[in-house]
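Student: I should like to go through this structure with you, one topic at a time. Could we begin once it is on the screen?

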Amino acid sequence: MTQPRIELLLALLGAAAMVLAAMATPWLKFVLTLALAKGIAVLGIMLLLRAGQVSFGHALYVALGAYTVAFLAPSMPDAALLLVAAALGTTVAGLLIGLFVSRYREIFFGMLNLALSMVFYSMLEKFYHYTRGTDGIRVPSLTVAGVPLDRVSYEWTIFGMALVLALGFGVFARVYLASPLGQALSAIKTRETRLDFMGVSSRNVLLSAYVLSALMAGCAGALIAMTSRHVTPLLAYWTASGELVFIAILGGAGGVLGPFLGAAAYELVRVYAAATVADMWQMILGAVLLLVILFARGGIWGLLSSRLQRGRVA
Amino acid sequence: MRALLEARGLRLAFGGVKAADGIDLDVMEHEFLAIIGPNGAGKTTFINMTTGYLKPQGGTITYSGAEITGRRPRDIVRRGVARSFQLPQLFSEHTVEENAALAIASREGIWSPFAPLLRPAWRQEARELLDRFGLLPVAGQRADALNEGTRKLADIAMAVALKPRLLLMDEPTSGVAAAEKMGIVETLVRVLRDARVTAVFVEHDMDVVERFADRVAVWSQGRIAALGPPAQVLADPAVQRDVIGIERPAAGVAHA
């Protein structure tokens, strides 16, 4: 079986396992929906990592997607339409900001993104009249295709949307990374100058990945708003951006399953660590990341894929 | 023959060092022009100015009748001027085949996010190209696993994949083991002649220059000190003394 087919099979098995887990333990549905949403956002981070660029500010797009839902929900309560609106808004924002930040590389790229996300955080916090500051905005009940749903049906619907989007973006990212455009991203990391001497604008290659990553983060933000039903400026805070990078390292940037494995592991470790040792869950997460950096540079997906390759060779 | 590239009065200085001090040069279509000269004479600077990496402080560069002075590298490449590098610029995490395919994709259009890089047509073209350069046996190897001679050839193969009319090569044989050198140059010249590519190459090995160049230009302190057929230029006592002296024994000694 070819590598893409194995990955697709693993993705479908993972999706089935999530559905079964959500059926067996209903409260896990909330955790898994958040994990899927964060996995989508991290998938975008992974595209940038392929070009050797780390964004410490992508929570900006998560928050923008979430606030788009919160602002529009009272007048347009349909979940699918809100998702489209969030995707459009963050794509445009990603394009405008990307035109600026794609000129920069490495630490400057990372810190510019961080700075812009903190500007957005401050705007959300200070413009109380519109955003209700740190109190945040409560997202009203949403409908699906014009039909109001009860709580359980609504949770399943948003969970299903997250699952379909995760699979859709995952398949797209896999195809994208194998395309000339995706391969040019890796070329930026190793020999950017050569790309320019082949007639390719490396800046535009990075910009295309940046816009895609903003779109993914925006959809993730919309899903988070629909799931938690409450948005606050903390969604744009720098620690939220750091969390996405944390998950990317934890899951591994070598394959499209990495972000989702990382997000699921992160959310589950956080929930169970917080439940067992309430004051020390950050320490446990930190220790997990330390172990990954020291012993599994490729993250969870790196461990898994190397085992799979060994199995195929044997 | 008509001039494909015309440089007129090119000037560029780095601080007080004149890397180009009024360069006038015509490169004729389909010729192989060698550039020789001591280190620091401005040979690479000429390539860098022609390919858009450096902007001259004065003078003009005209390619195929259109002025390209100071244009961006990718604009110049799209017009048909490619280059290879003294230190091979390969995508180290990609295989040799993928490197070639990326060059083909750059030429054909890189912006489709749905079709794979190694689509059948591009893969076939990449393999045919690598075969012409004798690189097919290493097509599946990562670029960072190759020896220097193979890296040089792969670097030039990527430039040829762009189907240029003019190819500028910066020391294509430097760092290559003496035993491999002539074989590599013969392969290279055969491929370029077949593709009817005009070539300008910076070279330190006078045997290579003598054997493969149609004309040779001698660079000295940012100027062209001599220009003509290799037999004539390399026999010039001033060139032998000032440029070749330490690199090549006097003609009589070499054949004694």
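**Salt bridges, cavities and helices**

Tutor: Let us begin with Arg142(B), which forms a salt bridge with Asp144(B), their closest N and O atoms lying 2.7 Å apart. Please keep in mind that this is a predicted model.

Student: Is Arg142(B) buried or partly exposed?

Tutor: Arg142(B) counts as partly exposed because its relative accessibility is 40%. Asp144(B) is also partly exposed, with a relative accessible area of 42%.

Student: What does Glu97(B) pair with?

Tutor: Its side chain meets that of Arg127(B) in a salt bridge, at 2.9 Å from N to O. Glu97(B) belongs to helix α3 (residues 96–108) of chain B and Arg127(B) to helix α4 (residues 120–132) of chain B, so the pair links distant parts of the chain, 30 residues apart. Glu97(B) is buried, with a relative accessible area of 5%, while Arg127(B) is partly exposed at 34% relative accessibility.

Student: Turning to chain A, which residues are linked in a network of salt bridges?

Tutor: Lys38(A), Glu243(A), Glu267(A) and Arg270(A) are linked in such a network. Lys38(A) and Glu243(A) are also among the lining residues that lie nearest the centre of the second largest pocket.

Student: How much space lies in that second largest pocket, and what lines it?

Tutor: The pocket holds about 520 Å³ of space. Its lining has 22 residues, and those nearest the centre also include Leu234(A), Leu235(A) and Ala240(A). The elements of chain A that give two or more residues to this lining are α2, α3 (59–72), α9 (202–228), β4 (230–231), α10 (238–251) and α11 (257–276). The largest share, six residues, comes from α10(A).

Student: Let us take α2(A). What span should it have?

Tutor: Helix α2 (residues 28–50) of chain A has 23 residues and should span 33 Å at 1.5 Å a residue; its end C-alpha atoms are 32 Å apart, which agrees. The helix is mostly covered, with 21 of its 23 residues buried. Gly52(A), which has a positive phi near 80°, follows α2(A).

Student: And α3(A)?

Tutor: This helix has 14 residues and reaches 20 Å from its first C-alpha to its last, close to the 20 Å expected. Eleven of its 14 residues are buried, among them Leu60(A), Tyr61(A), Gly65(A) and Val69(A).

Student: Which residue other than glycine has a positive phi near 55°?

Tutor: Glu106(A) does. Glu106(A) lies in helix α5 of chain A and is exposed, with a relative accessible area of 58%. Lys163(B) also has a positive phi, of about 55°, although it is not a glycine. Lys163(B) is placed in the loop between α5 (148–161) and β7 (166–170) of chain B, and it is exposed at 57% relative accessible area.

Student: Why does that deserve a remark? Is phi negative or positive in most residues other than glycine?

Tutor: Phi is negative in most residues other than glycine.

Student: Which residues make the nonpolar surface patch?

Tutor: Phe56(A), Phe100(A), Tyr104(A), Ile107(A), Phe108(A) and Met111(A) make this patch of about 570 Å². Helix α5 (residues 106–126) of chain A gives the most, with three residues. Tyr104(A) is in the loop between α4 (79–101) and α5 of chain A and is partly exposed, with a relative accessible area of 33%.

Student: Finally, what volume does the largest cavity have?

Tutor: Its volume is about 60 Å³. The largest share of its lining, four residues, comes from α6(B). Phe201(B) is one of the lining residues; Phe201(B) lies in strand β8 (residues 198–202) of chain B and is buried, with a relative accessible area of 5%. Phe201(B) and Leu33(B) are 168 residues apart in sequence and 6.4 Å apart in space, C-alpha to C-alpha.

Key. Residues are numbered from 1 along each chain as its sequence is written. Chains are lettered from A and ligands numbered from 1 in the order in which they are written. This is a predicted model: local features need pLDDT of at least 70, side-chain atom pairs count only at pLDDT 80 or more; totals for chains, interfaces and linings use all residues. Side-chain values use heavy atoms; hydrogens and water are left out. Patches are made of residues with over 30% relative accessible area and no salt bridge: like charges are joined within 9 Å, nonpolar side chains (Val, Leu, Ile, Met, Phe, Trp, Tyr) within 5 Å. Accessible areas come from the Shrake-Rupley method with a 1.4 Å probe; for residues, only the protein chains shown count as cover. A salt bridge is a side-chain nitrogen of Lys or Arg within 4 Å of a carboxyl oxygen of Asp or Glu. Buried means under 20% relative accessible area, exposed over 50%, partly exposed in between (1.4 Å probe, protein chains only). The expected span of a helix is 1.5 Å times one less than its number of residues. On a 1 Å grid over the protein atoms alone, a cavity is a set of points where a 1.4 Å probe fits but cannot get out, and a pocket is an open set with protein on both sides within 12 Å along at least five of seven lines; lining residues have an atom within 4 Å of a point. Grid points are joined across faces, edges and corners, and a volume is the space filled by probe spheres set on the points.
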